[in-house]
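My notebook is open, and I am going through a structure with a few things to look up.

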Amino acid sequence: MASVALLSNPRSTGNRALLPRVREYCAAHPDIFHYEVEDVDQIGEAIRTIAMVGPRIVAINGGDGTVQAALTELYSGGHFGGSPPPVAVLPNGKTNLIALDLGAEGDPLKALERVVELVESGRLDEHVIERQLISLDGGDTRPVLGMFLGGAYLADVMLYCRNRIYPLGLPNGVSHVLAAILGLFAIIFGLGGGRLPPKPQPMTVSLVRQGEFKGKFSLLIVTTLEKLLLNIRTSESHGTNGNMKLLATDSNVGAVFRMLGATWRGTLGQKPLQGVHFQQGDEIRIEGERSNVILDGEIYQAKHGKPIILTSTQPVPFLRLAA
């Protein structure tokens, strides 16, 4: 029986240089069961095999898309009889939002060493925390599970960054800042398309008990993470944890700067702001003619008459690597 099962995606950005070191480390630690996949379609078989060795923890070494596929298989595949072990996420993707929220940053191999240390020292249970997942149902296949969804103009800027800026070979941080500056420039001057991200498209966002709001949005975030982009601390806004948190900002300069100002002051979500919507809920519907959303790096689209439905799951265990 392996103490740690490690799932690696060699095609993730960080693994191109890191994987030889990971393989060497695993070879020196026989209590680590290391499974590599070449494609996300292989993750189902990977999790089935990992379940057979009965690990105390599953560590995921890949980007946010790899994490999403693994979480979906862990909690929808039934491989662990309904009780999967805690999950540790190594910081090895473009954005690492999930890993950062769970206290993993810096060198992924150092994070793996930390996982092994906690298992060997018998302090694993002290570092297990619970998070709810977002279940996304697009109507085509079984729901997928994740923790961070970006939509509206934010999704367009993320896709613009992926397709137009990443190929330039700039560092990830520089690429993200450049994409944000160009997106903000386009909103301020009402531009879009060509060398800039496309203009925002109208959409409807509905919450079961809180009603709905329609329009064009520069920012749409749904998450169960505690920490978001821009250092927004979602769990502090209403004194509650758990349910999905939704942040949407109208697509106008005033709303964007009100949101940024409240974020800088650390007051976002504490009082109403014109054009800034901050809600929590158990079910969220996103509708539009052709509205992109990105759940943990994977693209989904809400079309006319075919909404995307988000629901929150029961809490599941994760390993927090911070001291």
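**Entry: the Arg123 pair.** I looked up Arg123 and found that it forms a salt bridge with Glu117, the closest N and O atoms being 3.2 Å apart. For a salt bridge I take a side-chain nitrogen of Lys or Arg within 4 Å of a carboxyl oxygen of Asp or Glu. Arg123 is partly exposed at 26% relative accessibility. Here buried means under 20% relative accessible area, exposed means over 50%, and partly exposed lies in between (1.4 Å probe, protein chains only). Arg114 also forms a salt bridge with Glu117, and the closest N and O atoms are again 3.2 Å apart.

Entry: Residues are numbered from 1 along each chain as its sequence is written, and side-chain values use heavy atoms, with hydrogens and water left out.

**Entry: Arg114 and Glu117 in their helix.** How far apart are Arg114 and Glu117 in helix H5? They are three residues apart in H5 (residues 108–121), which means about one helical turn separates them. I take helices (H or I, at least four residues) and strands (E, at least two) as DSSP runs, numbered from the N terminus. Arg114 is buried at 16% relative accessibility, whereas Glu117 is partly exposed at 38%.

**Entry: another pair.** I searched the whole structure and got eight salt bridges. One of them joins the side chains of Arg48 and Glu45 at 2.5 Å, N to O. Both sit in helix H2 (residues 43–53), three residues apart, so about one helical turn lies between them. Arg48 is partly exposed at 37% relative accessibility, and Glu45 is partly exposed at 37%. As a reminder to myself, side chains of opposite charge can pair when their charged atoms come close.

**Entry: strands around S10.** I count two strands as paired if DSSP finds at least two bridges between them. Strand S9 (residues 202–207) runs antiparallel to S10, with six bridges joining them. Pro202 stands opposite Lys216 in S10, and a hairpin of three residues joins S9 to S10. S10 also pairs with strand S11 (residues 244–250) in the antiparallel sense over six bridges; there, Leu219 stands opposite Thr249.

**Entry: strand S8.** Which strands pair with S8? S8 (residues 148–151) pairs with S10 (residues 211–223) in the antiparallel sense over four bridges, and three bridges join S8 to S14 (residues 290–295), also antiparallel. Leu149 stands opposite Val222 in S10. Gly151 has Leu220 opposite in S10 and Val293 as bridge partner in S14. Phe148 and Gly150 point one way from S8, Leu149 and Gly151 the other way, and all are buried.

**Entry: confidence.** I checked pLDDT, the predictor's confidence in each residue from 0 to 100. The mean for the protein is 86, and 93% of its residues reach 70 or more. Over residues 235–242 pLDDT stays under 50, and the model has 14 contacts for them beyond four places in sequence. A contact means heavy atoms within 4.5 Å. Where pLDDT is low, the predicted coordinates should not be read in detail.

Definitions and conventions. Predicted model: local features only at pLDDT ≥ 70, side-chain atom pairs only at ≥ 80, totals over all residues.
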